[in-house]
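Here are my notes for your review. Please keep the model open while you go through the points.

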Amino acid sequence: MPDSKRFLHPDAIKRISRLDVRARQIVEGFLAGMHRSPYFGQSVEFLQHREYVAGDDPRYVDWKVWAKQDRLYVKQFEEDTNLRCTLLVDVSASMRYGAGALNKYEYGATVAASLAYLILRQQDAVGCVAFDDKARTLVPQRTRRNHLDSILRSLEISAPRGKTDVYPILHKVAETYPARGMMVLVSDLLMPREPLFRGLRLLRRRGHDVMVFHVLDDDELDFPFDGATRFEGLEADGELSCNPRALRRGYLAALGEYLEEVRRGCVRYEVDYALLRTSQPLDAALAAYLSNRLGMHHRN
Amino acid sequence: MPTFLHPALLWGLLIAGVPVLIHLINLFRHRRVPWAAMEFLLISQRRNRTWVLLKQLLLLLLRMTAVAVLVLMLTHPRLPTQWGRFLDGQPVHHIVLLDDSFSMTEQQGGSQAWDRAKAAVERIARDASHSSRPQTFSLIRFSQAANENSGKPDLLDESVRGDFLDRLSDHLKELDCSETSAGPLPALEGIERWLGADSSDQRIVYLLTDFRTNPWAEPGDLKPLLQGLSRSQTGLHLVPCVDRFQPNVAVASLRPDEGIRAAGVPFFLDVAVTNHGDAPLNEVVVQVQADGQARPALRIPRLPPRQTVADRIPMQFALAGTHVVQVELDSDAVALDNHRYCVVDVPAELPVLLIDGNMEAEDATYLSSALRPGGAVVTGLTPRIEKPRFLSQNTLGSFSAIYLLNVERLEDSAIKALEQYVAAGGGLCVFLGPRCAASFFNEKLYRGGTGLFPVPLTGQEALLVDRLEKTPDMQVTDHPIFRVFSGQRNGFLGTVSISRYFATVDPLPESAHTSVEVLARLRNGAPLVVERQFGKGRVVAFLTTAGPEWNNWTRGNPSFVVTMLELQAYLSRPAVEKKPALVGDDLTVSYDASLYQPQVRWVPPVTKAIDPSATEATLQDNGTYNAILQAAPVSGVYRAEYSAKDGGHGDQPLAVNIDPEEGKLDLVDGPALAAALEGVDYRYEPVSTFRYAEEELEGRDLTDVLLYALIALLVLEQLVAYWVGDHPPRTVEKGGDA
């Protein structure tokens with residue numbers, strides 16, 4: 001691990017209690033680790049050439065092309081608008097699980113805060129929705145620097161509870177933010193897949209660029225338990241007494257099928273998907289975000 | 001059904017329920033884990049429920065079985081043998097071959113091997129009586145089997161039921177170890193003799209013995225018999241009753257020497273003592289008793305290990321008759337071979353017949369003077385000088401020896417009488433002289449080697465005088481009659497001068513080579529004294545005169561007297577030595593049928609608690625009664641008593657001794673025995689730990705099988721436990737990672 005990323009590891013982040021400081025630490029640490037940042041410092045970006053037609057502003061004629069080809073082309077630029085991003089953070093009871101430095105909720109909140117910091121730093125607008133079976137908090141999209149405090153407060157006050165019911169939330173978000181923007185869903189996705197995919201499809205149809213950060217704990221991915229164990233569902237899924245070693249193979253198979261289903265669903269609806277382990281360094285989410293930001297122009 | 005050595009431990013099978021109990025307890029001791037991804041866990045549980053249940057059930061069964069097998073192993077279960085399984089109720093025949101040779105009386109650890117062997121016999125019978133299968137029992141002692149006249153064994157194919165154990169116990173209490181040296185061979189042969197070669201019973205042979213090097217180091221004829229037992233599916237148990245070697249000292253022999261025995265004449269008893277140990281012994285004391293009276297003890301200064309030392313005990317009896325001499329050593333591991341007995345027949349005098357062919361009987365006078373010097377010298381000999389015709393007119397059996405001196409010729413009847421006398425064991429000495437004719441001796445007495453005379457004669461010869469020659473005229477060999485001169489400077493023999501002699505055919509005929517021995521030669525190499533055995537007796541011929549006519553030996557030379565007395569002792573001893581009687585041998589007495597009744601009462605040694613027995617003597621052709629006591633059972637001095645027709649009585653003592661070889665206590669240990677008995681299927685277990693033939697009685701011991709089964713079960717349990725997931729993995733396998 002590069003030295004600049006040493007402090008992005010969950011074990012290190014855990015020592016920082018304030019979420020804003022965590023976010024700054026992560027983003028600054030992440031940026032400091034990059035050699036060149038091609039995404040910042042441009043407000044207007046060239047998109048393509050188009051043949052000149054009468055009525056076009058002669059200011060956009062590309063005279064260099066005319067000089068080479070003796071034909072008139074005008075330069076077209078991408079619309080010079082701010083990004084409007086909404087962070088959808090799952091705070092249901094299942095997000096309470098975590099055996100490592102951070103549980104899934106803490107990890108997801110930290111990821112959301114870091115993204116908010118990064119977006120605000122780029123002068124873009126960011127909002128936040130914390131939800132379980134309903135929207136627990138809703139922070140509108142703003143570009144102000146001090147808007148970060150509102151977002152962080154909404155995350156901090158949201159102790160995980162309740163059962164996830166995602167479709168109504170996504171539907172509400174789609175209704176609340178009709179303008180096209182970016183939707184970032186941070187969740188363990190331990191929920192029925194059909195409402196999830198329906199909600200993602202809805203967002204995509206409304207023209208939103210959607211990213212899913214799938215947060216799972218190491219225990220959930222590896223299932224390292226042994227000895228007689230009684231598993232008690234965090235979202236009232238019942239309980240099961242068993243020898244975990246006996247069920248491990250079947251569990252991992254079912255988990256693999258689930259992850260594949262989620263991945264396929266995201267691909268189908270052109271949703272960017274990233275699986276995050278709670279033991280992973282937190283810059284993984286930022287890297288995935290920026291990668292997505294680079295590609296979203298080409299997708300629309 | 002299997003049987004159990006410790007059936008009480010079968011209650012321990014309840015412990016097999018412990019794994020179930022642990023399983024139930026674990027149900028209440030679950031670790032609680034709040035879990036988000038219940039969905040996948042429930043899917044896994046739904047998919048694998050049956051399979052997991054079966055695997056866990058299998059694991060539980062394996063654990064229960066392992067505990068049950070462990071408990072069963074501790075109970076020492078036994079499965080009936082193959083025969084027992086197929087023929088439940090087939091009888092078992094225990095055949096105990098009990099060594100009762102006297103080496104079994106060896107003291108070790110405060111008890112005799114014999115007592116330990118008897119205790120083992122009782123244990124075998126007692127354990128057999130506990131079996132549910134029909135059991136029969138036979139007890140064959142070695143001494144019984146060795147004695148063909150002993151009849152049936154003590155116990156033969158008797159059912160082990162009812163009061164059998166009591167009867168056996170009583171019988172064993174009364175049973176003493178024999179004094180024989182009987183080996184195991186007759187006992188093994190006795191199995192077939194008394195019980196038959198084949199049997200529908202399952203036979204088990206127990207050989208309770210001390211496994212001495214003789215005969216077990218080289219089993220010889222034993223091995224085929226033992227292999228035969230293996231072939232016939234007979235179980236064989238070799239049970240050594242002695243576990244370590246002990247030194248032992250034994251009297252190897254005791255007998256009168258070859259000298260003349262008569263009342264008042266001193267003689268010697270030859271005694272030999274053997275050290276069977278590995279360490280030398282100093283100052284070994286041999287106590288001597290004659291007719292119950294102690295005589296001065298003999299001290300052997302050093303007795304090297306594994307060697308026999310011979311010595312002589314001086315003895316003299318003033319009165320004529322039979323005398324009993326007993327020697328005894330200090331006590332050691334085996335007491336019986338510390339004693340030895342000898343009966344010495346001491347006549348009042350020994351009549352000697354001198355037949356002189358000369359009317360003046362000059363040669364006989366010289367010889368008579370030598371045999372009975374007179375004065376203070378007592379030889380016990382009574383020479384009687386007679387003419388040749390005396391031989392055909394009188395019985396010769398009463399003479400201890402007959403001398404023919406310068407005899408010209410003999411009647412045929414006299415020759416026949418002489419031949420009968422010698423053939424019956426008498427001694428004959430012939431001195432030649434000027435009256436003798438070679439032709440007569442060759443034709444009548446030599447008869448081509450079939451007659452009495454040892455060699456054919458060619459005629460008289462003169463031994464030329466050579467004053468420069470230093471070699472003595474007479475050169476003797478190491479023969480008993482000249483042995484007294486061996487190792488000394490023969491000063492007197494060297495002065496003997498022979499002037500004339502009878503020459504023999506040179507070389508001697510082929511037929512004479514084996515039976516004729518030259519005892520002395522002349523300076524020129526010609527035989528001077530020759531000997532041959534004839535029947536049971538001996539003939540010694542001096543080819544010169546007994547008087548001074550042809551030599552100067554008889555005149556004033558002391559060596560002549562000594563030689564003649566030795567010659568008389570030699571001639572009066574039978575050529576064929578009577579074998580000394582050992583325990584188990586038949587005892588024979590002969591007595592005059594004209595004087596005594598045929599009924600004989602045999603009185604055993606007074607020290608042994610044996611009742612006297614009576615036999616009827618048989619009349620022989622020579623007018624004597626012969627009575628036989630079959631298989632003398634103990635050592636000591638027996639007395640054969642018979643009544644005289646005139647109201648008196650006669651008796652003869654007879655000494656019976658143990659076989660000194662049995663006192664050799666060297667043992668063959670287990671490995672050496674295994675090497676010697678290669679190819680024989682047997683079990684070897686010391687008498688101290690031996691109980692009974694468990695396998696044959698109750699079947700095969702399953703302990704080992706269960707041990708292997710337990711190991712296999714535990715290995716299988718570990719594998720299944722890992723398979724089921726009861727053991728934590730060494731490293732967690734990563735899964736489900738995107």
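**Notes on the two-chain model**

1. Start with helix 6 (residues 166–176) of chain A. Helix 6 of chain A lies across strand 3 (84–90), strand 4 (125–131), strand 5 and strand 6 of chain A. Its direction is at about 155° to strand 4 of chain A. Keep in mind throughout that this is a predicted model.

2. Next, the sheet in chain A. The sheet is open and has 6 strands, in the order 5-4-3-6-7-10, with mixed pairing. Its edge strands are strand 5 (135–142) and strand 10 (272–277) of chain A, and each pairs on one side only. From one strand to the next, the twist averages 15°.

3. One pairing in that chain can be followed in detail. Strand 6 (residues 182–187) and strand 7 (residues 209–216) of chain A run parallel and are joined by 6 bridges. For a reference point, take Met183(A), which stands opposite Val210(A) in strand 7 of chain A.

4. Now the contact between the chains. How many residues of chain B are in contact with chain A? There are 31, and they meet 37 residues of chain A. On the chain B side, the elements that give two or more residues are strand 2 (31–35) and helix 2 (38–74) of chain B. Helix 2 of chain B gives the most, with 11 residues. By class, the side of chain B that touches chain A has 15 nonpolar, 8 polar and 8 charged residues.

5. Strand pairing also crosses between the chains. Strand 8 (residues 229–233) of chain A runs parallel to strand 2 of chain B, and 5 bridges join them. Within this pairing, Arg230(A) stands opposite Arg32(B) in strand 2 of chain B. Please look at this arginine pair in the viewer.

6. Helix 2 of chain B has a helix partner as well. Its axis and that of helix 1 (residues 18–27) of chain B come within 8 Å and cross at roughly 140°. Helix 1 and helix 2 of chain B are therefore oblique to each other. Helix 1 of chain B brings Val18(B), Pro19(B), Val20(B) and His23(B) to the contact. Helix 2 of chain B meets them with Leu60(B), Arg63(B), Met64(B) and Val67(B). By class, this contact has 6 nonpolar, 1 polar and 1 charged residues.

7. Chain B has an open sheet of 4 strands, in the order 14-13-16-17, with antiparallel pairing. Strand 14 (293–303) and strand 17 (339–346) of chain B each have a single partner strand, so one side of each is left without a neighbour in the sheet. Neighbouring strands are turned by 25° against each other on average, direction ignored. Strand 16 (residues 321–328) of chain B pairs with strand 17 of chain B over 8 bridges, in the antiparallel sense. There, Val324(B) stands opposite Val343(B) in strand 17 of chain B.

8. Finally, the cores. The largest nonpolar core has 169 residues. Those with the most contacts inside it are Leu97(B), Ala117(B), Leu208(B), Leu367(B), Tyr403(B) and Leu405(B). Helix 4 (residues 113–129) of chain B gives the most to this core, with 8 residues. Apart from it lies another core, of 89 residues, among them Ala109(A), Leu170(A), Val212(A) and Tyr251(A).

9. What does Leu208(B) touch, leaving out residues up to four places away in sequence? Its contacts include Val96(B), Leu97(B), Ala117(B), Val121(B), Val239(B) and Val687(B). Asp99(B) and Cys241(B) are also among them.

Terms used: Residues numbered from 1 in each chain as written. Chains lettered and ligands numbered in written order. Predicted model: local features only at pLDDT ≥ 70, side-chain atom pairs only at ≥ 80, totals over all residues. Core = buried A, V, L, I, M, F, W, Y, C linked by C-beta atoms within 7 Å. Buried ≥ 20, exposed ≤ 12 C-beta atoms within 10 Å, placed from the backbone. Contact = placed C-beta atoms within 7 Å. Pairing = 2+ DSSP bridges. Axes fitted to C-alpha atoms, helices over the stretch in contact; angles between N-to-C directions. Nonpolar A, V, L, I, M, F, W, Y, C, P; charged D, E, K, R; others polar. Parallel < 35°, antiparallel > 145°, perpendicular 65-115°, else oblique.
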